[in-house]
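Here is a short briefing on one protein chain. Look through the sequence and the structure first, then read on.

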Amino acid sequence: MTHQAHTYHMVDPSPWPLTGAAAAFLLTWGIAIWFHYSSMTLVSLGLILLLLTMIQWWRDIIRESTYQGQHTPPVQKGLRYGMVLFISSEVLFFIGFFWAFYHSSLSPTPELGGVWPPTGITPLNPFEVPLLNTAVLLASGVTVTWTHHSIMAGERKQAIQSLSLTIILGLYFTTLQAMEYYEAPFTIADGVYGSTFFVATGFHGLHVIIGSTFLAVCLLRTGSNSTLQHNTILALKQQLDTDILLMLFDYSCMSPSIDEDLK
């Protein structure tokens with residue numbers, strides 16, 4: 001390793017951004033092929049390449065931060081700023097979906113029957129699976145906060161227990177959402193209601209899956225006695241809290257009004 005007179009991390013050349021971009025291209029193209037021709041070959045190749053990229057890229061980051069000491073305080077500050085900017089971009093990303101929803105729901109056009117939900121759409125009952133999923137996601141926010149404080153206090157056993165509960169709740173949420181999609185009385189092809197519902201909740205579910213994957217990596221590192229700094233869990237907690245807020249907003253927006261359900 002060459003000597004450097006500054007505290008910043010000069011990243012070595014890496015193939016993982018290129019393989020990650022190739023995986024994203026294969027996934028996007030493969031999903032389009034899957035929709036039109038029912039072939040999952042490209043989707044499978046994209047998922048395999050993405051998984052291999054994630055494993056090896058995280059391996060390099062762990063090596064650089066834990067064993068090489070490259071993540072100095074200025075580098076850690078930059079990573080935290082990057083997470084804040086990432087979460088901000090995700091909030092704006094979802095604002096676009098909610099804008100589309102409110103644009104159609106606050107002033108339904110004659111093509112929608114002049115009412116919301118549109119004529120012919122039977123919405124989901126917000127007091128059933130949507131309410132349960134909201135409670136599950138809020139509970140996961142409590143357990144991941146427990147994990148954060150356990151790591152700061154040096155309580156490794158409690159950190160493992162609380163982190164395991166968080167991952168279990170994330171998997172439970174994903175399972176409930178998959179069941180909800182399977183039993184939904186409408187599809188993504190059912191006009192603006194179906195498209196806004198499935199796109200917004202689908203991307204939200206994808207964020208939960210990604211967050212659960214990140215937390216699983218943290219659990220593996222914690223269980224193997226690796227040094228896990230509290231700012232790593234803090235970043236994941238911020239991402240999970242963002243998902244909780246989006247879930248509450250999603251629940252209030254995508255469900256019919258309470259008055260209509262009580263009638």
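How far apart do the end C-alpha atoms of residues 16–35 lie, and how much of the span is helix and how much strand? The end C-alpha atoms lie 28 Å apart. The span is 100% helix and 0% strand. This is a predicted model, where local features need pLDDT of at least 70, side-chain atom pairs count only at pLDDT 80 or more, and totals for chains, interfaces and linings use all residues. Residues are numbered from 1 along each chain as its sequence is written, and side-chain values use heavy atoms, leaving out hydrogens and water.

**Transmembrane spans**

- An unreviewed UniProt entry lists residues 16–35, 41–58, 79–102, 129–147, 159–177 and 197–220 under "transmembrane region".
- UniProt positions follow the numbering used here, feature names are shortened, and annotations may be inferred rather than shown by experiment.
- Residues 129–147 are 100% helix and 0% strand. Their end C-alpha atoms are 27 Å apart.
- Helices here are DSSP runs (H or I, at least four residues), strands are runs of E (at least two), and both are numbered from the N terminus.

**Backbone features in the loops**

- Most residues other than glycine have a negative phi, and most peptide bonds are trans.
- Ser 38 is not a glycine, yet it has a positive phi of about 55°.
- Ser 38 is found in the loop between helix H1 (16–37) and helix H2 (41–67).
- Ser 38 is exposed, with a relative accessible area of 65%. Exposed means over 50%, buried means under 20%, and partly exposed is in between (1.4 Å probe, protein chains only).
- The peptide bond from Trp 116 to Pro 117 is cis, with omega near 0°.
- Pro 117 is found in the loop between helix H3 (73–105) and helix H4 (129–152).

**Two buried residues in helices**

- Thr 53 lies in helix H2. Its relative accessibility is 4%, so Thr 53 counts as buried.
- Which residues does Thr 53 touch, not counting residues up to four places away in sequence? Thr 53 touches Trp 16, Thr 19 and Gly 20. Contact means heavy atoms within 4.5 Å.
- Gln 76 is found in helix H3. Gln 76 counts as buried, at 16% relative accessibility.
- Gln 76 and Tyr 8 are 68 residues apart in sequence. In space they are 9.7 Å apart, C-alpha to C-alpha.

**Nonpolar cores**

- A nonpolar core is a set of buried Ala, Val, Leu, Ile, Met, Phe, Trp, Tyr and Cys residues joined through side-chain atoms within 4.5 Å.
- The largest nonpolar core has 10 residues. They are Phe 101, Leu 112, Trp 116, Ile 121, Leu 124, Ala 184, Phe 186, Tyr 193, Phe 197 and Phe 198.
- Helix H6 (residues 191–223) gives the largest share of this core, three residues.

**Salt bridges**

- Side chains of opposite charge can pair when their charged atoms come close.
- A salt bridge is a side-chain nitrogen of Lys or Arg within 4 Å of a carboxyl oxygen of Asp or Glu. The count comes to two salt bridges.
- Arg 59 forms a salt bridge with Asp 60, and the closest N and O atoms are 3.0 Å apart.
- Asp 60 also meets Arg 63 in a salt bridge (3.0 Å, N to O).
- Asp 60 and Arg 63 are three residues apart in helix H2, so about one helical turn separates them.
- Arg 59, Asp 60 and Arg 63 are linked in a network of salt bridges.
- Buried or exposed? Asp 60 is buried at 14% relative accessibility. Arg 59 is partly exposed at 39%, and Arg 63 is partly exposed at 34%.

**Aromatic pairs**

- Rings of Phe, Tyr and Trp (its six-membered ring) pair if their centres lie within 6.5 Å. Planes under 30 degrees apart count as stacked, over 60 as edge-to-face and the rest as tilted.
- A search of the whole structure finds 17 aromatic pairs.
- The rings of Trp 34 and Phe 35 have centres 5.6 Å apart and planes at 35°, so this pair is tilted.
- Trp 34 is partly exposed at 38% relative accessibility. Phe 35 is exposed at 62%.
- The rings of Phe 101 and Tyr 102 have centres 5.5 Å apart and planes at 70°, so this pair is edge-to-face.
- Phe 101 is buried at 3% relative accessible area. Tyr 102 is partly exposed at 32%.
- Ring pairs link Phe 101, Tyr 102, Trp 116, Tyr 181, Phe 186, Tyr 193, Phe 197 and Phe 198 into a cluster.
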